[in-house]
Amino acid sequence: MAINKKALQGAIALAGVSAFALTACTGPSGGTPSNGASGAASTIAYGTTDKVTALDPAGSYDNGSFMVMNQIFPFLLNSKPGGADPVPDIAESASFTKPTEYTVKLKSDLKWANGHTLDSKDVKFSFDRQVKIKDPNGPSSLLTNIASISTPDAQTVVFTLKLANDQTFAQILSSPAGPIVDDEVFPADKLLSDDGIVKAKAFHGQYTIESYNKNTLISLKPYADYKGVLDKAANGGATIKYYTDQSNMKLDIQQGNLDVANRSLSATDIEDLKKDSKVKVHVGPGGEMRYIVFNYNVMPFGAKTADADPAKAHAVRQAVANLVDRQAIADQVYKGTYLPLWSNVPSGFLGANESFKDLYGQDGKPSEDKAKKVLADAGVTTPVTIKLQYNPDHYGKSSGDEYAMVKDQLEKSGLFKVDLQSTEWVTYNSASKADTYPVHQLGWFPDFSDPDNYLTPFFPKGGFMNNHYSNAEVDKLISKQLTESDKATREKDIQDVQKLLAEDISTLPLLQGAQVAVAGTSVQGVESTLDASFKFRLGSVSK
């Protein structure tokens, strides 16, 4: 049974609700399988096909890495399971003391798991090094509004901002840019290896890492001196098992060798598992999106190509937008677990519209006639060869079917010839930002529950994608909405920027999905952590 679309739309809509109230083992280690065990002291076995890029917060900006960071690092602000509103975590209080001044007071007697003192020096150090290192795979782009950071005393941190009344700053402190690190362990100007972090025990989350085999198996132990808002872990520990094949993860959750399987099972697997009485499929509000990126330098007629022509490049993007059939991909590949996405801000968030549906295709369906016209008007000789790259592991096995459909949709028009290639994530993540792929797949799992998280990281100065897109009016509107305290005015600004983005098409939104996790029937706490914060907290899960 496919996930009901009406119910999914309701779940998706929940994602934006709270944003403005202010983003090799075969069984569970240390316990019996989830379908027979009980008691808070049991170890939870969690499975995923996501991968860790780096444990150092300055060196990764992906869901697989951030999921682990959420278990082991402290944040100034975090959100309680079941909600997305940021509240003090290792902070006692946090608020604007001036329009451009955000002051945080830390809790007292905070200690890292290695015994080092955790105080304001660590906080300033953490954010300063993010900006200094500015790793291309890191989240430093979220911190562009910070002008300076001061520490009047060991318990006080004052952020001075460039723009007043930043509507997202509290959320940013709980985002991938927000983990606090030990200034006595981490270097100020370069990344620290995963093994170095584990060896130094530089942790102050609900858990510490007891053993670490990257992208194979991580063993976590509750941290006795954790003083954050999430309380003590509801279990006796957790293991994170990494899968290269989602069918093996499906088999393990069915056989009780896993307690929770999350990110990502195929739509067909989820449909099948809903019929299995030994497990339960949990669905939470979604802000995840899948989209295509156009690299303005190396796409057909791009700025660095031999036949560079901005008008022709724009026509190519418009033609692709006119030909892609989102509904067919949602229905045939994802069985309704994803829905068509018609703008850069997903449905359910403030200001979301359907700007791409308004401009391209015909009433939500593809239009070969419109695609032919834009190419002919620009003087583009067809068929146009497009090198299209996708990733087969990080975004799930169904990516192959998804992009095979995109290829077919483009080629059957006779307007394009698509050279479709795939690359594993360990290479793909960096190569996609280095002008290697003219047109390529990306996905986005939001950092926090606010529409700005789909704008500021993406578009000003080329964003984290480094696709060389630039539009001064877009940058101006994104900056304006960021500091606009009037909700109606901010909503209009967000709608206006989406219209401009749809006209330019630096990215082509495709699909919007929900959060889905499968758990044993005796496992508790899964639904409470599938909330609009988009953070999976292992400490909430018990059996």
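A salt bridge is a side-chain nitrogen of Lys or Arg within 4 Å of a carboxyl oxygen of Asp or Glu. The views below are taken from a predicted model.

**View 1. Salt bridges link D50, R263 and E288 in a network.** The structure holds 21 salt bridges, and this view shows the network that joins D50, R263 and E288. R263 also lies over the face of an aromatic residue, F445, at 4.7 Å from the ring centre.

View 2. The closest N and O atoms of K250 and D272 are 2.6 Å apart. K250 counts as buried because its relative accessibility, 14%, falls under 20%. D272, with a relative accessible area of 33%, is partly exposed.

**View 3. D493 and K480 meet in a salt bridge.** The N to O distance between the two side chains is 2.8 Å. D493 lies in helix α15 (residues 487-504) and K480 in helix α14 (residues 472-482), so the pair ties together parts that are 13 residues apart in sequence. D493 has a relative accessible area of 6% and is buried, whereas K480 is partly exposed at 36%.

**View 4. K121 forms a salt bridge with D119.** The closest N and O atoms of this pair are 3.0 Å apart. K121 counts as partly exposed, with 47% relative accessibility, while D119 is buried, with a relative accessible area of 8%.

**View 5. F356 and Y360 form a tilted aromatic pair.** A search of the whole structure finds 24 aromatic pairs. One of them joins F356 and Y360, with 5.9 Å from centre to centre and 45° between the planes. F356 and Y360 are both buried.

**View 6. Ring pairs link aromatic residues into a cluster.** The members are Y61, Y291, Y296, W444, F458, F459, F464 and Y469.

**View 7. The charged end of R290 sits over the ring of Y338.** The distance from the charged end of R290 to the centre of the Y338 ring is 5.4 Å.

Conventions: Residues are numbered from 1 along each chain as its sequence is written. This is a predicted model: local features need pLDDT of at least 70, side-chain atom pairs count only at pLDDT 80 or more; totals for chains, interfaces and linings use all residues. Side-chain values use heavy atoms; hydrogens and water are left out. Buried means under 20% relative accessible area, exposed over 50%, partly exposed in between (1.4 Å probe, protein chains only). Helices (H or I, at least four residues) and strands (E, at least two) are DSSP runs, numbered from the N terminus. Rings of Phe, Tyr and Trp (its six-membered ring) pair if their centres lie within 6.5 Å; planes under 30 degrees apart count as stacked, over 60 as edge-to-face and the rest as tilted. A charge sits over a ring if NZ of Lys or CZ of Arg is within 6 Å of the ring centre and within 35 degrees of the ring normal.
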